[in-house]
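Subject: Structure handover

Hello,

Here is the structure I promised to pass on. My notes follow below it.

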Amino acid sequence: MPGCYSGIFLLKEYAASTQGIYYIYEMRRLLIIFLFISSAAFSQSDMLAREYFNTGDFEKALFEYKKLYAASPSNVNYINQIVAAYQELEQYDAAEGFLLKLIERVNYPAFKVDLGYNYQLKNDLQHARFYYDEALKSIDERPSNVFAVSKSFQNYTLLNETIQAYQKAMTLNPDYNFNLQLAQLHGELGNIEEMFIGYVDFAEANPIALGNIKRFISDFISENGDNENNVLFRKILLKKMQQEPNLLWNSLLSWLFIQQKDYSKAFVQEKAIFMRQPESLDSIEDLAEIAMNDNASDIAKAILTFITENAQDTEVLLHAHYNLIQIETEQTPKSEYAVIDKAYQELFNTFGLSALTFKLQLGYAHFLAFLNHQPDKATKFLEDTLKLPLNEMQKAEVKLELGDILVLQEKFNNALIYYTQIQRNLKNSTISQEARFKVAKTSYYKGDFKWAESQLNILKASTSQLIANDALDLKLLITDNKYDGDSLQTALKLYAKADLLAFQNKKSEAIDLLNNILNNHKTEGIIPQALFKQAQLFESNEQFEQAKTNYEAIIANYSDGILVDDALFSLADIYEHELNQPEKAKSYYEQIIFNHADSIYFVDARKRYRALRGDFIN
């Protein structure tokens, strides 16, 4: 930029004059402006060159990049773009000449990879191999050259050469660890065993990266324990365990078994870890949670029992007892609920009634009211719980349960008092928003749809996505059906009553009431909702054929409605997990994938479809 030098000369001249200081400041200001304008122009040229290249106008891109290179001959990006533009224009000789001159001037081994690839494009494989080898030899001279050389090889998808570069550098400098990069490259090449070994070796040297390693490996294994990749990974870990005991191998085996939903084998590994490091039960607690969420009740009970026998922390112990009694309640027939009641009483005798056993107390009240049909006893029990030294959040949880029990008894106005107290005492909290939703739901049960809507409108912006979604669903149900058919809102009131019966665990009565809607309000818009609600109740009663019939009716008759993807996914789930017809399940998952890409079930449907098809890679 010649203008810069003339500017400096003028500054010196004016400095010698009587007004020199003034002119120095003025010229400095002008010089800064000039430099800013020059920099902006340079940046615009860079953007213009990129625009030409990205739109395929390679001749103009080449012209612009040559100008930029002339101004900044050490900029590797401009060099690469000039070579790429030549190659896009199939001017390989020009690229060759440019690179040869560059290599004479600059000792940068990555340019030899560029030249080798240019020869490969000319189908001159002998010269290509020569320059690739030259680039690899540069690592012998200076191991740090691996970073530029490997990057260049990888840019051209020369994966075997990239692997050679990394391996050579690791041999020459033991401080280098490229196991992660090597594992990823082997994965791209389909060398699954080398990939697994690379990931495992990297995890051994970098335990902090274990979470990422699991995520990478998960792309290559499936839920099927007999899958070839699963078997291979298991063998690698078992071999490692034999060669050099390390709890990392137990942890990875446990994780693999969890992916395969083989929680018993995962539990064996977690116990082995605990026996050597008994200071924490965190991983075993997590495994119990996973098993419970997957309805693997028997193994979950075994894991929770182990926790109760080994936990030193009272909170951990009580949490395990709470989960254990929930599973036992589900597995116990109603005629033997006295056993559950006795189990709660024994826990209260052992640990007392205090803030520490707060969650157990809530569980017991819920059991009394909703399962053992003793709502008055449950209410008295919770009123006593409120007298304990609880914090505000715990008090709100008790009041939420009390409100639910009053709704169960259809004492709606009393329930609303508790819900409103929560909103007033814990404004803007998640539990306050939950209480507002229950206000809306209670008003809906009462048939006060206008007030319910007003509360739901507020909740659409809830910070809890679950509450916001539930609020939106209920609002749509009311809005779409409150004026449908007749001014008395008969069908909507019947549906709300059926919803209440379901909440009260009176499933048969709810199913019968929904039948009333289906038979006597056939022309009204609430029919698909009634079909779907009834299907869910059939499922909870394990009446899968009846549920299937309802879902099929929604798909056949309301294919343009908002419930069609719900019906498709539910139907696929029944075929997969209850009726053991995977091909049928695949066909319904496929419909979601191809016809309902915006569905909330899209990701799960794709994952399940691929698992049923036998894919490993997500």
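Which hand does the crossing of α8 and α9 have? The crossing is left-handed (the near helix is turned anticlockwise from the far one by less than a right angle; clockwise would be right-handed).

First, the ground rules. This is a predicted model, where local features need pLDDT of at least 70, side-chain atom pairs count only at pLDDT 80 or more, and totals for chains, interfaces and linings use all residues. Residues are numbered from 1 along each chain as its sequence is written, and side-chain values use heavy atoms, without hydrogens and water.

Helix pairs

Helix α8 covers residues 146-155 and helix α9 residues 159-172 (helices are DSSP runs of H or I, at least four residues, numbered from the N terminus). Their axes come within 8 Å and cross at roughly 165° (axes are lines fitted to C-alpha atoms over the stretch in contact, with angles from 0 to 180 degrees between N-to-C directions). That makes α8 roughly antiparallel to α9 (the term applies over 145 degrees). The contact (heavy atoms within 4.5 Å) includes Val 146 and Phe 153 of α8, and Leu 159 and Tyr 166 of α9. Its residues divide into 7 nonpolar, 3 polar and 1 charged (Ala, Val, Leu, Ile, Met, Phe, Trp, Tyr, Cys and Pro count as nonpolar, Asp, Glu, Lys and Arg as charged, the others as polar).

Now α22 (residues 392-408) and α23 (residues 412-425). Their axes come within 8 Å and cross at roughly 160°. α22 is therefore roughly antiparallel to α23. This crossing is left-handed. Among the residues that meet are Leu 400 and Leu 406 in α22, and Tyr 418 and Ile 422 in α23. By class, the contact of α22 with α23 has 10 nonpolar, 4 polar and 3 charged residues.

Aromatic rings

The whole structure has 34 aromatic pairs (Phe, Tyr or Trp rings, the six-membered one for Trp, with centres within 6.5 Å). Tyr 69 and Phe 98 have ring centres 5.4 Å apart and planes at 70°, so the pair is edge-to-face (planes over 60 degrees apart). Tyr 69 sits in helix α3 and Phe 98 in helix α5, 29 residues apart. Tyr 69 is buried at 16% relative accessibility (buried means under 20% relative accessible area, with a 1.4 Å probe and protein chains only). Phe 98 is buried at 15%.

Phe 274 and Phe 306 are also edge-to-face, with 5.7 Å between centres and 80° between planes. Phe 274 lies in α15 and Phe 306 in α17. Both residues are buried.

Best wishes

Definitions and conventions
Helix = DSSP H or I, 4+ residues; strand = E, 2+ residues; numbered from the N terminus. Parallel < 35°, antiparallel > 145°, perpendicular 65-115°, else oblique. Phe/Tyr/Trp six-rings, centres within 6.5 Å; stacked < 30°, edge-to-face > 60°. Buried < 20%, exposed > 50% of the residue type's maximum accessible area, 1.4 Å probe, protein only.
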